[in-house]
Amino acid sequence: ADEFEVEEYSVDPFARPMRFTEQREEYLSLVAAERAATAAFRDAQREAERILENREKEERATELFKSLQDQLRDRIAAEAVRPKEDTDAGAKYDYLTPFLPKDARKRPLTKQEAQDVKDACLRALKERLIDRAHIIETRLEEETAAQSKRIMGLSRQQDKEKSADDDEHEKQVQAAHFRIQILTQRRERHEDIAKRKFKEMIERLQNDPRLSVL
């Protein structure tokens, strides 16, 4: 429990009565003390509300994390049954069909035709990967530029008297920073995926019997 210091106060019946100015000074002192106590109470109340708000945010973040875990489990479960579907689709769709001559089913390819098919297939894959990388890079540049403006605006506001909009502005900056991190990770992951896909396609073309003439 909190401990309070109690000051003993005795009334002297023979003491000189306080003058009006002394009474006024004591009154003003008591009013100032009351205001200070009220301000301290309000500060404590705001601090308690802030702690409660942060706790609610943490609870919502925990619920969101659980939701993401559920989505991840659903995706893993869906991936478990996808190989059969991919195999069936692969049997119907030939990855070289868009690049083969129209009569390729009736005769073997010449060496020049096989080289043209290989080059066209790799060129199409490269263009798709570059387009995807360009989309990610454009979004990242736009988000970074917008974030710089937000930070400059926040710095100018902090130089002035703090306003009610500062907290919301800080939240926007933090959210944008998170998006930039996600886009940066996506760009790095795409680079790794692009290298792997290009390498796999080269190996696939080298092992394709229709291009064995190369």
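Trainee: Which residue forms a salt bridge with Asp 94, and how far apart are the closest N and O atoms?
Mentor: A salt bridge here is a side-chain nitrogen of Lys or Arg within 4 Å of a carboxyl oxygen of Asp or Glu. This is a predicted model, in which local features need pLDDT of at least 70 and side-chain atom pairs count only at pLDDT 80 or more, while totals for chains, interfaces and linings use all residues. Residues are numbered from 1 along each chain as its sequence is written, and side-chain values use heavy atoms, with hydrogens and water left out. The partner of Asp 94 is Arg 210, and their closest N and O atoms are apart by 2.3 Å.

Trainee: Why does this pair tie together parts that are apart in sequence?
Mentor: Helices are DSSP runs of H or I with at least four residues, numbered from the N terminus. Asp 94 lies in the loop between helix 2 (82-92) and helix 3 (111-159), whereas Arg 210 lies in the segment after helix 4 (166-207), so the parts that the pair ties together are apart in sequence by 116 residues.

Trainee: Is Asp 208, which forms a salt bridge with Arg 210, buried or exposed?
Mentor: Buried means under 20% relative accessible area, exposed means over 50%, and partly exposed lies in between (1.4 Å probe, protein chains only). Arg 210 has a relative accessible area of 33% and is partly exposed. Asp 208, by contrast, has a relative accessible area of 7%, and therefore counts as buried.

Trainee: Which residues are linked in a network of salt bridges?
Mentor: Asp 208 and Arg 210 have their closest N and O atoms 2.9 Å apart, and Arg 210 also pairs with Asp 94. The linked residues are therefore Asp 94, Asp 208 and Arg 210.

Terms used
Helices (H or I, at least four residues) and strands (E, at least two) are DSSP runs, numbered from the N terminus.
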